[in-house]
Amino acid sequence: MTRAGPEAGAVPAPRFTHTATNDLGHETKMSAALETDGFIASSVRTDAPPAIVLDKVNKWFGALHVLRDVDLQVALGERVVVCGPSGSGKSTMIRCINRLETHQEGRILVDGIELSDDLRALDAIRREVGMVFQSFNLFPHLTVLENCTLAPIWVRKMPKKHAEELAMEYLTRVKIPEQAKKYPGQLSGGQQQRVAIARALCMKPKIMLFDEPTSALDPEMIKEVLDTMVMLAAEGMTMICVTHEMGFARQVADRVVFMDRGEIVESGTPEAVFNDPKTERLQLFLSQILRGH
Amino acid sequence: MSDATVDPRFRRKPPKRPLRLSWADERIRGIVWQVLVVGVIGSIIYWLWSNTVHNLEVRRIATGFGFLNREAGLPIAEHLIPYDPTDTYLRALTVGVLNTLKVAVVGIVLATILGTTIGIMRLSKNFLVSKIAGFYVEVIRDLPLLLQLLFWYTVMQGLPGPRQSMNPVEGVFLSNRGLLMPALQWEGAHTAAVLASVAGIVLAWLYGRSARAKQMADGQPRRIWPAAVALILGLPIAVWLALGAPWTISWPALRGFNFRGGMSISPEYAALLIGLVTYTAGFIAEVVRAGILSVNTGQWEAAQALGLRSGSVLRLIVLPQALRVIIPPMTSNYLNLTKNSSLAVAIGYQDIVSIANTTLNQTGQAIEGIAIIMAVYLTISLSISLFMNWYNARIALVER
Ligand SMILES: Nc1ncnc2c1ncn2[C@@H]1O[C@H](COP(=O)(O)OP(=O)(O)O)[C@@H](O)[C@H]1O
Ligand SMILES: [Mg+2]
């Protein structure tokens with residue numbers, strides 16, 4: 001186990017939020033934690049069993065070895081940011097966690113349940129794990145409201161009226177209740193991604209997975225989506241985010257994990273990983289990221 | 001969008017642009033072109049009409065549909081309604097229309113089933129299955145339909161004669177006279193049972209709707225199929241039993257050189273049906289494949305990540321989107337199958353074209369004969385189009 005986050009109950013060291021692209025300190029409608037500090041207090045629960053355990057996970061696509069002995073533990077309430085060059089296996093790793101991809105070796109436990117061919121275990125896990133994709137993947141033939149009520153109705157067996165109330169509550173939280181009757185194609189990219197977040201939240205998941213949620217967005221929309229994610233983080237949601245938004249990582253991450261060629265190469269607090277990279281691979285990656293921004 | 005909170009200054013209507021009388025004005029050009037096109041088409045129609053009237057007068061051919069009430073004296077081998085050569089041309093033509101419908105309706109249903117199966121097979125991860133389906137589609141679409149119909153007719157002709165006919169199951173005979181099967185002696189009770197079955201389908205649909213409404217109210221999903229099966233199958237059986245359960249089977253039997261009794265499918269009908277179905281299925285397979293492929297895999301993933309199982313994903317997410325892509329080209333395939341059924345003439349199946357052809361040869365009423373054929377195809381095609389457009393509108397995507 002390579003956990004390096006702050007200890008439970010300890011006062012977290014102040015962190016910097018200094019990238020220009022998402023200076024969240026200027027946001028006025030942020031939750032209380034943000035208004036005062038600009039970073040979020042850790043909500044890691046070391047007293048509870050870990051939310052996610054990856055134990056020596058290996059995966060191949062044909063002959064291509066995409067995950068190599070990946071070990072990762074995520075505590076309840078912990079926020080992990082995963083970064084790494086394109087093709088390093090970040091998406092594959094988080095897609096294994098809700099079994100959109102199947103791993104071939106090792107064990108994955110989510111909320112104490114081991115992922116296997118057992119369909120009932122899979123149902124239970126998918127109910128607890130929400131996912132947000134780079135390309136939104138909203139259902140184009142359903143309205144925003146119907147996108148949000150679909151799973152509560154058909155999976156949680158919720159009466160339609162309750163599901164709609166719940167959906168409106170979450171649409172309000174992501175600040176687009178007035179778009180409820182529209183179709184996804186009528187919304188901007190940032191609005192669509194916020195609907196996707198609300199849709200996942202309507203299942204009341206314990207864990208949220210984000211796979212480059214802002215990579216497909218125009219720069220002016222990135223902030224509104226990151227703000228929504230910061231709000232979730234402030235509420236103590238267990239999150240794994242694949243993202244290259246370093247400002248976001250510094251602000252919310254308890255831990256940053258750097259992946260390269262299917263391996264977890266480095267892992268630590270945002271400061272440790274970003275300011276003091278140990279390996280050449282991470283140094284190279286950071287120099288490329290900084291040049292790109 | 002109609003937003004209630006819009007600033008009133010932005011509610012102003014766009015200004016009307018005055019029409020400029022100049023060739024450079026797009027709208028003036030549009031008007032000029034439309035006038036020209038209407039004028040040219042009108043002149044062509046007038047010329048055709050006056051020419052025809054003149055020719056008919058010169059040749060002293062009486063026009064009109066009076067011949068329809070004359071005796072046809074035309075033998076028809078296959079008829080869905082009672083028919084005799086002493087009947088009128090009107091009845092003969094009606095038999096022809098029904099024969100066309102018989103092959104078109106059955107053909108559309110079978111081509112849809114076969115085409116959908118092959119389209120899904122072609123998407124299979126199994127190499128052999130997808131290659132076989134791909135080979136079928138390529139071969140079928142590359143050969144002319146007429147050739148395929150003649151091929152199937154030759155196959156039918158190549159079957160043994162009635163005396164040597166194949167007899168795979170008791171009461172079923174396959175020979176060059178067609179396929180003979182035992183038939184149920186049709187009675188009022190059977191018609192009542194069919195009607196009861198239709199009523200059962202309607203009731204099952206209503207039951208499904210109310211079950212869905214109840215689920216939306218309390219969240220509990222309900223099993224629909226037991227009640228649906230009971231309504232659709234149980235109801236007609238109950239009606240049939242109540243009416244004394246009549247059950248007389250007519251068995252086909254060889255008498256002299258041919259069969260008597262039972263129910264037969266003629267070699268001409270079989271060749272036409274098999275040819276049309278296998279040919280159209282090749283096109284439908286591609287439509288279905290494209291429709292399913294048009295739904296992004298991200299849709300599957302998002303729905304599964306939300307906890308929906310495969311069956312629900314297919315029903316709630318994939319099919320509604322795929323159908324929108326599938327329905328419009330499906331309509332044109334149905335229309336093609338119907339129109340292609342006129343190739344029946346080539347293999348001696350008596351459809352509307354074949355019978356109208358004979359009629360116009362015997363009566364000399366060529367214009368009326370052609371008009372009847374056109375009216376029949378137009379009516380059938382428009383009915384198919386209207387139905388499919390209605391269905392398409394019902395499931396149409398509001399916005400993408
Ligand atoms: N479905 C797939 N089939 C085959 N190879 C794949 C598939 N998905 C991803 N890969 C390969 O696996 C590697 C890791 O991909 P991915 O997890 O998407 O990387 P990342 O998200 O870090 O960019 C890449 O080399 C990619 O080409
Ligand atoms: Mg990726």
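Predicted model: local features only at pLDDT ≥ 70, side-chain atom pairs only at ≥ 80, totals over all residues.
Reader: Which residue does the side chain of Arg281(A) meet in a salt bridge?
Author: Residues are numbered from 1 along each chain as its sequence is written, and chains are lettered from A and ligands numbered from 1 in the order in which they are written. A salt bridge is a side-chain nitrogen of Lys or Arg within 4 Å of a carboxyl oxygen of Asp or Glu. With N to O at 3.3 Å, the partner of Arg281(A) is Asp260(A).

Reader: How many residues apart are Arg281(A) and Asp260(A)?
Author: Helices (H or I, at least four residues) and strands (E, at least two) are DSSP runs, numbered from the N terminus. Arg281(A) sits in helix H10 (residues 280–292) of chain A and Asp260(A) in strand E9 (residues 255–260), so the pair links distant parts of the chain, 21 residues apart.

Reader: Does Asp260(A) count as buried or exposed?
Author: Buried is under 20% relative accessible area, exposed over 50% and partly exposed in between (1.4 Å probe, protein chains only). Arg281(A), at 28%, counts as partly exposed. Asp260(A) has a relative accessibility of 9%, so this residue counts as buried.

Reader: How far apart in sequence are the parts tied together by Asp111(A) and Lys206(A)?
Author: Their side chains meet in a salt bridge, 2.9 Å from N to O. Asp111(A) is in the loop between strands E4 and E5 of chain A, and Lys206(A) is in the loop between helix H6 and strand E7, so the parts they tie together are separated by 95 residues.

Reader: What area is buried between chain B and chain A?
Author: Buried area is the accessible area (1.4 Å probe) that two parts lose on being put together, summed over both. The contact (heavy atoms within 4.5 Å) takes 30 residues from chain B and 33 from chain A. Carbon and sulfur atoms give 64% of the buried area, which is about 2700 Å².

Reader: Which residue of chain B forms a salt bridge with Arg95(A)?
Author: The count between the two chains is two salt bridges. In this one, the closest N and O atoms are 2.8 Å apart, and the partner of Arg95(A) is Glu301(B).

Reader: Which helices are included in what covers the buried residues of H10(B)?
Author: Several residues of H10(B) are buried, among them Ile352(B), Ala356(B) and Leu360(B). Their cover includes two helices of chain B, H2 (89–122) and H11 (366–394).

Reader: Which residue just after H10(B) takes a positive phi?
Author: Just after H10(B), a positive phi of about 75° is taken by Gly364(B).

Reader: Which residues is Asp25(B) in contact with, leaving aside its neighbours within four places in sequence?
Author: Asp25(B) has its place in the segment before helix H1 (26–59) of chain B. Its relative accessible area is 1%, so Asp25(B) is buried. Its contacts beyond those neighbours are Arg17(B) and Arg20(B).

Definitions and conventions
Heavy atoms only, no water.
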